[in-house]
Number of protein chains: 2
Amino acid sequence: MSSPNETHSPPNLPRTAEDESAIRQISRYEDFSTVDWIEDTERERARIRYLYTTWDRSWRSLCWRIYEAGQTWWVVLLVGLLIGVNAAIISIATEWLSDIKLGYCTTGWWLNEKFCCWENWNIHGSCPDWQPWSAVVGLSRENLLFNWIVYVGFAGLFAVSCAFLVQEYAPFSAGSGIAEIKSILSGFIIKGFLGGWTLLIKSVGLALAVSSGLSIGKEGPSVHVACCIGNVVSRPFSKFRYNRAKQREILSAASAAGVAVAFASPIGGVLFSLEELSSQFPLKTLWRSFFCALIATVSLQAFNPFRTGKLVMFQASYDKDWHFFEVIFYILLGIFGGVYGALVIKFNVRVAAFRKKYLKAHPIGEVAVLTVSTAIVCYLNIFLRNDMSEIMSYLLRECKDGDYSGLCRVDYVPRMTWLLLMATVVRSVFTVFSYGTRVPCGIFVPSMAIGATFGRMLGILVQSLHRMRPHALLFSGCPTDGPCIEPAIYAFLGAGAALGGVTKMTVSLVVIMFELTGALNYIVPTMITVMVTKVVGDLFGTGGIADQYIKLYGLPFLDKEEHLFNVPVSNIMIQEPTVLTAHGMRLHSIEALLRGTTYKGFPIVDSLAEMHIYGFITRAELQYAIDKAKQQHGVQEDAQCFFQIHNLPSSMSNLADYTYSSPSSIDFGLWVNQSPLTVDPRQSSETVLEIFKKLGPRMVLVEHEGRLLGLVTRKDILRALHYSPTASRQDYVPLEDTPPQNVNLAPHPQVDVELDSFHGSPSI
Amino acid sequence: MSSPNETHSPPNLPRTAEDESAIRQISRYEDFSTVDWIEDTERERARIRYLYTTWDRSWRSLCWRIYEAGQTWWVVLLVGLLIGVNAAIISIATEWLSDIKLGYCTTGWWLNEKFCCWENWNIHGSCPDWQPWSAVVGLSRENLLFNWIVYVGFAGLFAVSCAFLVQEYAPFSAGSGIAEIKSILSGFIIKGFLGGWTLLIKSVGLALAVSSGLSIGKEGPSVHVACCIGNVVSRPFSKFRYNRAKQREILSAASAAGVAVAFASPIGGVLFSLEELSSQFPLKTLWRSFFCALIATVSLQAFNPFRTGKLVMFQASYDKDWHFFEVIFYILLGIFGGVYGALVIKFNVRVAAFRKKYLKAHPIGEVAVLTVSTAIVCYLNIFLRNDMSEIMSYLLRECKDGDYSGLCRVDYVPRMTWLLLMATVVRSVFTVFSYGTRVPCGIFVPSMAIGATFGRMLGILVQSLHRMRPHALLFSGCPTDGPCIEPAIYAFLGAGAALGGVTKMTVSLVVIMFELTGALNYIVPTMITVMVTKVVGDLFGTGGIADQYIKLYGLPFLDKEEHLFNVPVSNIMIQEPTVLTAHGMRLHSIEALLRGTTYKGFPIVDSLAEMHIYGFITRAELQYAIDKAKQQHGVQEDAQCFFQIHNLPSSMSNLADYTYSSPSSIDFGLWVNQSPLTVDPRQSSETVLEIFKKLGPRMVLVEHEGRLLGLVTRKDILRALHYSPTASRQDYVPLEDTPPQNVNLAPHPQVDVELDSFHGSPSI
């Protein structure tokens, strides 16, 4: 054994680009499931070090250096631009499709109602160029029944064609995708989930699905689409193709931009990515996300799809001050948000389980039934009939800026209360059924719309209470004359509360809400409401809806919460793993081992007796090195195998010439990770979990007094989290409180989407 | 040696409260410098586990459980409340002191001008109850010279008494404190920095210093004061007193609240704590910071010190849209911000070094000279004469809301340009000299004021350019009639750019800027400006001013940037550390070792021949255990020492009865950390740095094939960062670019403030 202080070999030797490429190719097909952040980061450092050695003072080298230094920023710039452009196209398509359900522009079929009638309204306040379908076929313009039938027909057509596209071409583009993105950003790989086909179909499908009138939003899918763009754009760059950890940084930035364009909320997007999505969020990623969100927002605004010139979606300049007594009602709204979130999550997950069990074969039929029934039922209520964003802009508008359907009329209070309550309930029910169908769908905007109807209702009630009893003790803080309660603000807070209830966001939610509306005076009420929502939601004990879907789909994900295992790591490790010895193994026995096991990597020890850890080699690299040695050097079956570099070249630059094999021996030294992380078997499982979460290795070896005793992978930790009676999301769970919350779910993380290698393989 | 798989002893055994308390007491006096996050977290888990075993189903137990579960939240609530109250008191005191320089309220000396004259203005627009000092002594009300002398006198008096208080009673309360807070939050301990005296003197001194008219702000000190409150409030709670890592969570929340009350920007505060201050920021801390900032803001608002009922400091409802061509000017403002930041940081650090060298003995004289010269020079410029916040509110106000001193007059353009330029330059110079004097002082508000004067100047110039050449190509995006350029917005962006230049913030800055003003339409311009500022600032290669002060003071701090060492950890570790053997050592030899070394802890090995790691024990715990054993059991000098528990009690509840010593032997097993983190000597230093940054242990042992080879502490890493020619903040520094940026600074981190044990002790 050599003393490690003498050799000082660099931890990860640089390899040739072809080697890298080939290994990654193999790795992909061998279904590596987890990203090894440490290894990837080391690889990146080795790459930079290697680049330095190749650089000189020539112009060509200088250009290359500038390109290298800015590579990430160019990619982020391009990603941001494309996300903005894509969002603009989806917006325009959605508007056109929504309008085509109602009628047809005679001056150009490609124009939606707004552009068809741009400065073209006649004196009756209608626009002659825009023909309802009844007029197109020769019936009266006001033939409501015919128009209604056409409307339902178009809605069904859109939804069905969307479901068909999704089903046939890109199954991954169904749903919101947030759960999978969280899993991917935490370092797992889901093959094809961020591919070009998914991008195309999800973009098209999103426009179709939203314009079909289903009770779904476009925010979640927008994040997924943005991440697809991030993946597709970054793939041609070698820095990201070979380095999944680096690629995750681009995806974090892209997801921020996705939220930014969906809500027109660049800062909210960055915070959403930080608080909700990303597991690793160094400062550098923060700045890149900021930049990406900025670029995406600017490019969306340059397209100006809404022709308003404004980014703020529901501009509301509430200039009234709030009163301290109103805190009671803010708390009420917060409680509503928490309860709404808990109920919707619970029932939606049940519906999803039911769908998985019984409706799996009929996705298109399900979507068709849902769309048609939504269209029919929602026609009966003015707060359900129109587009959700439109309704919200009315609900969040103060009465002084204009009435909508009697919302501000004193004599309409009972009628409006009833309509708003019904809208709240009916849309909640449809959302429970719609979110998770096999079309691209988000739950953010429906939740906000539901919260806004409830909030406006509460506001109207409080307002009329004040009108009836202006001198009640409760209202002593009100001015003696003039209005005191503004229902629009209650709608605004209700929208925030409901969104907070489903997502369990806090800081990012407050920022999104006030980027959406500009209601800066109301930041403290918003914070109070969101805080109460969070507390009430936590009482029900469920995470956000994305976390629930992660559990439902069995996606591998180490969440950010703290857990208590109460056992040392020796209890959860794999004992006596299959190992290779550093010296004296013959090639045929290694090949037999590869054939006979499915392990994704092997610890290397000096001898089976001593079990001193020498290093770690992954299956993919071992296989590649064998194949290459066979091809290039004609290595024989009984060649001796070494896992230690014997004659390391003195300088790294001539490493490519380094011959590591001969017909009678193979030296795998170049492929060995010489310094895998190790822990003591008495180390607490909690600390090992921290190591996985914060440092992100693929596995950790367990070693005591120099002997290898076992190994732990991220999956072992996940399994322990599922099995352990005391592993819990809560800090203070008494020991007797044994059943974990997910007893109805598979204890072993399994997936029904095709995940890279997450089929319960015993190791790595 | 026992197999670790058989014993399964819990990693950290619970100890009695007295033991904990006593050891912490020793530790404090033994000057532990670094927080061991892993150990503290383990300790907390052990505490919870132990609590479970003591709980039953009685009422008393239930109450205790509820108290335990909510303890952190109660503490955060209390901290937030007190921060809000303290901020309100400081605000009121500052206003009163500022006004007392000008005159005196005849109806009550404790009233400032605003309250004195509340609804009491006479028909001439003046207030008879408020007497200028000239009138008080019987001279004419308009005797400007006399008033001016009194004004300067008061200013000098305030500043001198502030400097005296600081010098005599709490030297730590000088300066902004942000640099030290960053170091503390990253896990180092600065004794007395967050104490009660510092809190009191800094609060009083802040009011005095700000009202003296020095070119300083109150934001940085406000964060320091908030952290003092967090420390003082959390200390009585055992959960935090014995657990520095938990205490850091409270401090993170408190610092968020400190920014929140200073800027009236709760979300900005949370993000500032996240982006700028805290090294460890788990989700839980995010929510607590959010809560703490909310409570502090609400309690400040309840006091309503400004009697405006608003939180927004410089309300500005810019309803104009911005034009794409203006991006050129936004970039110009960004460049200004970057250059301003770089220059101010550079010269301020030089002044600070000069002060350290030559002015250390005369802090009060320095402050007096500075205050008087500031008062004299600034009187000559209307944009320097008044309070900075007041000036900013004029500069950020659109012309349609009223003029100030001719800012909006077309014929005043040259005059205003000149005044604004002079104000920019003069205030910059005074800021360079003032920030860092021995009074509480921040740099945020002065920077914003400087940026606002420059921005307004640029805005006025662009506006008059548009007026002269309305049809120039540049202005083709403008409306054909009416105004196009709004100088107030340039002032707003300039303020953000200058603040960004000094602090290098991005996301939190944007949020703070738009929480300060409510200028939501301008979020994209703000982002562009801040991004340019950041890029330009990074070109100059310096971190924010807090980072520069960290370097200047030699504070220990592992920043969040990436570094390249290019060497394995064996190059930076301490080789062959002093060890203890697990069996057979005699007490007198251990005591000799303790006397003969200053190491703060010792690895325990099975034998000097094998060097198998058995565990780690800190000096404080070793000393405490020896003292206790001597007292209680009369242990003799030649007693045998064991570091391994021989007869572990079967249940944890009777652990208190476990006798671990006899007159002839001591068992230190209870005090041994049985699972210290270990790495291979070939592990890259970068990964070890990541371990320190993300997991936060106090030291990491270096082990190869079971043999202990060395140990690494956070200080060794810091030292390596200072010495290593390639350790750099930049990703892509060529190898030949050797000199580190801080060549003029001590290569060995040393401190001139009294730091716990950071006097270059060789180990831990």
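Trainee: How many residues does the contact take from chain B?

Mentor: The model is a predicted one, and the contact draws on both chains. Chain A contributes 105 residues, and from chain B the contact takes 106 residues.

Trainee: What area is buried between chain A and chain B?

Mentor: The size of an interface is often given as the accessible area lost when the parts come together. Carbon and sulfur atoms give 65% of the area here, and the total buried between chain A and chain B is about 9,300 Å².

Trainee: Which helix gives the largest share of the side of chain A that touches chain B?

Mentor: On that side of chain A, the residues divide into 52 nonpolar, 25 polar and 28 charged. The largest share amounts to 11 residues, and these come from residues 283–303 of chain A, namely helix 14.

Trainee: How many salt bridges are counted between chain A and chain B?

Mentor: Across this interface, the rule finds 10 residue pairs in polar contact, with both residues at pLDDT 80 or more. A salt bridge requires a side-chain nitrogen of Lys or Arg within 4 Å of a carboxyl oxygen of Asp or Glu. Over all chains, the structure holds 23 salt bridges. Between chain A and chain B, however, the count is zero.

Trainee: How many residues apart are B:Glu276 and B:Lys182?

Mentor: These two residues form a salt bridge, with their closest N and O atoms 3.9 Å apart. B:Glu276 lies in helix 13 (residues 266–277) of chain B and B:Lys182 in helix 8 (residues 178–185) of chain B. The pair thus links distant parts of the chain, the separation being 94 residues.

Trainee: Why is one side of strand 4 and of strand 7 of chain A left without a neighbour in the sheet?

Mentor: The open sheet of chain A has three strands in the order 4-6-7, with mixed pairing. Strand 4 (580–581) and strand 7 (613–618) of chain A each have one side without a neighbour because both stand at the edges, each with a single partner strand.

Trainee: Which residue is the bridge partner of A:Ile604?

Mentor: Strand 6 (residues 601–605) and strand 7 of chain A run antiparallel and are joined by five bridges. In strand 7 of chain A, the partner of A:Ile604 is A:Gly615.

Trainee: At what angle does helix 26 of chain B run to strand 7 of chain B?

Mentor: Chain B has an open sheet of three strands in the order 4-6-7. Its strand 6 and strand 7 are antiparallel, and B:Pro603 has B:Phe616 as its bridge partner in strand 7 of chain B. Helix 26 (residues 619–633) of chain B lies across strand 4, strand 6 and strand 7 of chain B, and its angle to strand 7 of chain B is about 80 degrees.

Terms used. Residues numbered from 1 in each chain as written. Chains lettered and ligands numbered in written order. Predicted model: local features only at pLDDT ≥ 70, side-chain atom pairs only at ≥ 80, totals over all residues. Heavy atoms only, no water. Contact = heavy atoms within 4.5 Å. Buried area = accessible area lost by both parts, 1.4 Å probe. Polar contact = N/O pair within 3.5 Å; in protein donor to acceptor, adjacent residues only side chain to side chain. Helix = DSSP H or I, 4+ residues; strand = E, 2+ residues; numbered from the N terminus. Nonpolar A, V, L, I, M, F, W, Y, C, P; charged D, E, K, R; others polar. Pairing = 2+ DSSP bridges. Axes fitted to C-alpha atoms, helices over the stretch in contact; angles between N-to-C directions.
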